[in-house]
Amino acid sequence: MRIVLLGAPGAGKGTQCKGIAERYGLEHLSSGDILRQERAEESELGKKARQFMDSGELVPDNMIVEMMAHAINKAPKVGFVLDGFPRTVNQAIELDKSLEADGSRIDAVLNLQVDDGVIVKRITGRRSCPACGAVYHVENIRPKVDGVCDKCGEKLVQRTDDTEEVVLNRLKNYYQQTAAVVDYYRKNNSVYDIDANVAADEVLALIFEKLDSLVNV
Ligand code: AP5
């Protein structure tokens with residue numbers, strides 16, 4: 001199964017992808033997580049991506065398309081769930097072309113819909129684990145011990161692009177460049193709109209309902 005999860009910054013893509021990957025045995029491929037890993041390793045790609053990410057701008061398509069093609073090629077044959085990619089129509093077209101070359105295609109697109117006011121609160125309250133990638137929220141999804149990851153005990157951090165100023169720029173770029181990706185997929189693929197304003201476990205239940213009907217679990 002090859003799934004794309006779409007949604008504005010902070011819509012809950014990373015949170016939901018973890019549950020989806022676990023239930024269906026898929027690889028979770030997050031373009032943001034891969035870029036942050038490249039930054040941590042101080043690779044050439046990571047160094048180039050830093051300025052775009054910290055200001056809330058999109059990293060140029062050519063860098064992203066190559067990076068994600070590499071990640072998809074390495075993913076197990078059972079399939080993947082894409083988080084944060086594609087984010088421009090050009091990226092979606094390039095993804096379709098490379099899947100077609102392999103005789104495959106995107107099977108389902110999930111579109112997480114969240115109000116803008118909710119997004120700013122979610123992102124500015126997010127805390128992430130730099131070691132295992134687990135994601136929490138200071139009010140909504142709290143770790144057992146404040147500031148400490150439940151899974152690996154590492155100290156939680158706030159992402160450098162999670163300030164209110166940068167979030168507003170990310171949202172602007174989402175409407176200018178990424179919203180059109182939903183329309184692109186509506187033309188040729190099954191797109192499922194999901195109300196993601198509700199609690200994370202309720203969102204996951206809505207997603208499972210859709211995906212179970214596709215795979216007959
Ligand atoms: P990326 O890391 O992809 O960031 P994003 O799309 O802005 O998405 P987020 O990670 O901020 O949010 P999310 O939807 O995953 O929400 P989460 O589950 O964490 O990209 C970062 C940067 O990298 C981009 O700005 C760009 O520069 C670059 N980049 C990446 N991909 C690119 C591409 N394809 N092309 C070009 N550039 C690219 O949840 C958010 C918070 O809310 C958490 O605290 C969580 O605990 C909480 N939460 C989640 N769900 C709920 C819920 N239902 N109820 C209450 N709280 C919830």
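View 1. Y175 is partly exposed, with a relative accessible area of 45%. Buried means under 20% relative accessible area, exposed over 50%, and partly exposed in between (1.4 Å probe, protein chains only). The model is predicted: local features need pLDDT of at least 70, side-chain atom pairs count only at pLDDT 80 or more, and totals for chains, interfaces and linings use all residues. Residues are numbered from 1 along each chain as its sequence is written, and side-chain values use heavy atoms, with hydrogens and water left out. Y174 is buried, at 11% relative accessibility. Y174 and Y175 form an edge-to-face aromatic pair, 5.2 Å centre to centre with 75° between the planes. Rings of Phe, Tyr and Trp (its six-membered ring) pair if their centres lie within 6.5 Å; planes under 30 degrees apart count as stacked, over 60 as edge-to-face and the rest as tilted. The structure holds 3 aromatic pairs. Another pair is Y184 with Y185: the centres are 5.4 Å apart and the planes at 75°, so this pair is edge-to-face. Both Y184 and Y185 are buried.

View 2. Helix α7 covers residues 164-188, 25 residues in total. Helices (H or I, at least four residues) and strands (E, at least two) are DSSP runs, numbered from the N terminus. From first C-alpha to last, α7 reaches 35 Å, close to the 36 Å expected at 1.5 Å a residue. The expected span is 1.5 Å times one less than the number of residues. A kink of about 45° is centred on Y175. The bend at a residue is the angle between axes fitted to the seven residues ending there and the seven starting there. Buried residues of α7 include V166, N169, R170 and T178.

View 3. N189 sits in the loop between α7 and β7 (191-195). N189 is buried, with a relative accessible area of 14%. A polar atom of its side chain lies 3.1 Å from the backbone oxygen of I106. Beyond its neighbours within four places in sequence, N189 is in contact (heavy atoms within 4.5 Å) with R105, I106 and V109.

**View 4. R39 in helix α2.** R39 lies in α2 and is buried, at 12% relative accessibility. The side chains of R39 and D54 are joined by a polar contact of 3.1 Å. A polar contact is a pair of N or O atoms within 3.5 Å; within protein, one must be able to donate a hydrogen and the other to accept it, and residues adjacent in sequence count only if both atoms are side-chain atoms. Leaving aside neighbours within four places in sequence, R39 also touches other residues, including G46, R50, M53 and T160.

**View 5. Helix α1 and its packing.** Helix α1 (residues 13-24) has 12 residues and reaches 16 Å. Its buried residues include K13, C17, I20 and Y24. These buried residues pack against β1 (2-7), β2 (27-30), β3, β4 (108-113) and α8 (200-215). G25 follows α1 with a positive phi, near 65°. The charged end of R23 sits over the ring of F208, 4.4 Å from its centre. A charge sits over a ring if NZ of Lys or CZ of Arg is within 6 Å of the ring centre and within 35 degrees of the ring normal.

**View 6. Backbone details in two loops.** F85 and P86 are joined by a cis peptide bond, with omega about 0°. P86 is found in the loop between β3 (80-83) and α5 (89-101). E42 is in the loop between α2 (31-40) and α3 (44-55). Phi of E42 is positive, near 55°, in a residue other than glycine. E42 is exposed, at 53% relative accessibility.
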